[in-house]
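I opened this entry to record, step by step, what I looked up in the model below.

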Amino acid sequence: MIGIGTSIAKAPIINDPSAIGGLVLWYDFTKLDSLRQDRDGTGAVTADDDPVEWARNLANGDVGGNILGSFARSQAAGSQYGGTFKTGGAGGQPYIQFATTDSDNSHGLRSGFIAADATDDGGVASDKFSDVSIDVDNFTIIQVLKHDDAIIEEDDNSLFINSYPAVGGDTNNFQYNIAKEAADEKLRSGYVVIAGGFDVESGVANDTLDTNPHVMVTRSTPGTNNMTMQVDGVIQTDTDTPDDRTMKFDRATGATTSAGGSAILSIGGNFVNTSSFTKSWRGGIYETLIYNKFITDDELANLEVYFGQKYGITIS
């Protein structure tokens, strides 16, 4: 007997984040074949406690195939830089451990227009880091990470982005970071308009987090209170109205090196002034993703199934 009726088609479960368009950055530290022990991209990572000084961006790019840097690497060679590969994490997955103490602030991986030749640090050309543009009111950032204890210190910074505006647009540079704000003891995500103030997104109180891994998602779309942050599927209480600004990553107008307007992205620490790391993240990071669009609720729900199953995280 055949029944005829209506049905509602559900979106397929995402098993690969690159199945969603607009993925311009994807560092998946669970994938050994994307990691190297040496900052020149050599030396396979194979075992627990191997150093990690180089990682490949696995993103397939936006509609033009543009990604936000082809690789990231440590600021210098040596065990005090980069990170350490660790096995046996959440869901049996490996991760990269960055700082191990509060005073340990030289760890992290960075990519950008840092040297005179941008290709030294993942750029698409000697005078250009990336053709990616990100609108502040149209993006999604996801990190799967854990901290070594339940207290996020002021020097902890899991993600830092420095960019600058489109020609003829706002005259200020832009920064985006996920870090602790000392004033209210919260882990914040948000963006900075240099010389224009700090537009803060949701804050996560220290007692919200623990030593377990968490999926932290920041999404932004036009409209009132439409830049939101959520942790393991729970939207945080503070929200912000995103500005209509464009983050550029090629190079500043007229600049021949990074000093004229640095295009920088760092994971596991804050790479400041194109010189050295500060505020390294005391804990592990599993994945970091950036979409240069606001992913839909259905796409996010499917990604949360992917992360939940992969890492054994309960997502509301």
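I began with the term contact, which I take to mean heavy atoms within 4.5 Å. This is a predicted model, in which local features need pLDDT of at least 70 and side-chain atom pairs count only at pLDDT 80 or more, while totals for chains, interfaces and linings use all residues. Residues are numbered from 1 along each chain as its sequence is written, and side-chain values use heavy atoms, with hydrogens and water left out.

Confidence. I looked up pLDDT, the predictor's confidence in each residue, from 0 to 100, and found that the protein chain averages 81, with 75% of the residues scoring at least 70. Over residues 168-173 the pLDDT is below 50, and this stretch has 14 contacts in the model beyond near neighbours in sequence. Residues 191-200 also stay under 50, and for them the model has 34 contacts beyond four places in sequence. I note that where pLDDT is low, the predicted coordinates should not be read in detail.

Asp28. I then turned to Asp28, whose place is in strand S1 (strands, E, at least two residues, are DSSP runs numbered from the N terminus). Asp28 is buried, with a relative accessible area of 1%, where buried means under 20% relative accessible area (1.4 Å probe, protein chains only). Leaving aside neighbours within four places in sequence, I found Asp28 in contact with Ser34, Leu58, Tyr286, Glu287, Tyr306, Lys310 and Tyr311.

Aromatic rings. I counted rings of Phe, Tyr and Trp (its six-membered ring) as a pair if their centres lie within 6.5 Å, with planes under 30 degrees apart stacked, over 60 edge-to-face and the rest tilted. The structure holds seven aromatic pairs. Tyr27, Phe29 and Phe98 form one aromatic cluster.

Methods: Helices (H or I, at least four residues) and strands (E, at least two) are DSSP runs, numbered from the N terminus. Buried means under 20% relative accessible area, exposed over 50%, partly exposed in between (1.4 Å probe, protein chains only).
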